[in-house]
Amino acid sequence: MPTHPAVVTVTPRGKLEILEVPTLTPKENQVKIRVDWIASTPLNLHQADGHLLVTPPQILGGGLAGTVLSLGPDVKRLRVGDRVFGFAWRSNEEKPHQVYVVVPENLLARVPETEEYAGEQGMRRAATVSDSFVTAWHSLVTYLGLELPWPKREGYEPPKRDERVLVWGASSSSGSYTVQVLKWAGYKNILATASPKHHAALKEMGAAEVYDYRDPAVVENILKGGEVRYVLDSIGSVDGSVTPISKIVRRGAIVAVLLPVIIKDASEEEAPIYTFDVTGSVNWEEGVTALGVRTHSYLDNELHAEKLQPEIMPTLLQEGAIRPTNQKIIEGNTLLERAQNALDTLRRKEVSGERLVWRIAEAQ
Ligand SMILES: NC(=O)c1ccc[n+]([C@@H]2O[C@H](COP(=O)([O-])OP(=O)(O)OC[C@H]3O[C@@H](n4cnc5c(N)ncnc54)[C@H](OP(=O)(O)O)[C@@H]3O)[C@@H](O)[C@H]2O)c1
């Protein structure tokens, strides 16, 4: 059987390694893709350093942009040669830190055929979108219970359009898509926390109020505008986000926290510590619903399984309702070097309002 290189984590905090894995033929509704570009996410670090839900040697990955090479017999929508992007994570055969993957077509969208998404730059842009977009949409609908329309009819207004919805960590990739999706759906009172250098961009994306999360008076300032009943914590840090949010919300509020809850973040000196226990991670006021988001469960919703990646995501992208996260290109002479450089950059926290993107397959 032919093989190809994949990037794997073998031991917690150890160097990444290359493993030769079988190159599979697509079955049923799968397509075989050459992975051209991928975007690193904090989950790569949680997995490499914390071995969070990892069975080694495990291939890493999440969001990809690549080219369709062959089709399973039941594929209906995609064609050989299509440029596609999507979030694939469920098994080693799908995870995109490897040169070829086989992925069902409902986890993939076509890259828009516009000038903005042409060529290499277009693929890099597209690679940044899927996992964060899916996280944003799924968190809002499934955990916060905020309506998002699909399809969106002319004149649609969400039933809770005037609620103050707080996105903590809005300059993160998932946070920025959350702000943009809320704006697109018609929500009027979107609150965002981020470093001040991102405030203007977040206002443009749709935030009505912006706050510096490092300001000691941030909780007080947010409460000056009134009650907050819906919060998406796009950071999940006990000290950096969950604790201040617990001081904002009162009985009746819903808080969705992107898991894992980080007790200690990975660093060059120390191993990380995580928990999945959102309710026990801080003292919540009685009557607050605090939930841990798992994007990986989004396929349980039939509409999401069928349309979220193939249809909703590229439509919003093409319409300009969502914009790709800024990209920082990670260089390296080999696949392993690029993977390790990306991981080291994540560990050093050299990421602010951007995604690390790097090549998987060598340039064609
Ligand atoms: N459970 C799930 O399904 C799921 C899905 C997606 C993501 N996640 C998790 O969610 C977290 C964020 O992921 P991401 O990819 O969106 O992150 P990211 O884009 O890498 O986030 C980087 C941003 O975080 C911001 N930030 C750091 N600490 C902050 C704090 N205390 N308060 C507010 N903002 C802060 C920084 O903001 P400034 O530059 O403005 O300072 C920076 O722009 C990660 O832990 C990830 O694993 C979980």
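Start by selecting the ligand and the side chain of Ser-171: an oxygen atom of the ligand lies 2.7 Å from an N or O atom in that side chain. Keep in mind while looking that this is a predicted model.

An N or O atom in the side chain of Ser-172 is 3.4 Å from an oxygen atom of the ligand. Then show the backbone of Gly-353, where a polar atom sits 3.0 Å from a ligand oxygen. The ligand taken alone exposes 950 Å², and the protein buries 85% of that.

Now widen the selection to the 28 residues around the ligand; those that come nearest are Ser-171, Ser-174, Ser-195, Tyr-213 and Ser-352. Colour this shell by class to find 14 polar, 11 nonpolar and three charged residues.

Switch to a cartoon view and pick out helix 1 (42-50) and helix 4 (173-185), each of which supplies at least two residues of the shell. Helix 1 gives the largest share, three residues.

Colour the chain by domain next. Domain 1 covers 3-129 + 324-359, and domain 2 covers 133-296, according to the domain assignment. Their contact takes 20 residues from domain 1 and 22 residues from domain 2.

Show the surface between the domains. Domain 1 and domain 2 bury about 1,700 Å² between them, with 60% of it on carbon and sulfur atoms.

Finish back at the ligand with the domain colours on. Which domains supply the shell around the ligand? Domain 1 and domain 2 each contribute at least three residues to it.

Key. Residues numbered from 1 in each chain as written. Predicted model: local features only at pLDDT ≥ 70, side-chain atom pairs only at ≥ 80, totals over all residues. Heavy atoms only, no water. Near = heavy atom within 4 Å. Polar contact = N/O pair within 3.5 Å; in protein donor to acceptor, adjacent residues only side chain to side chain. Areas by Shrake-Rupley, 256 points an atom, 1.4 Å probe, with all protein chains shown as cover. Helix = DSSP H or I, 4+ residues; strand = E, 2+ residues; numbered from the N terminus. Nonpolar A, V, L, I, M, F, W, Y, C, P; charged D, E, K, R; others polar. Domains from an automatic or database assignment. Contact = heavy atoms within 4.5 Å. Buried area = accessible area lost by both parts, 1.4 Å probe.
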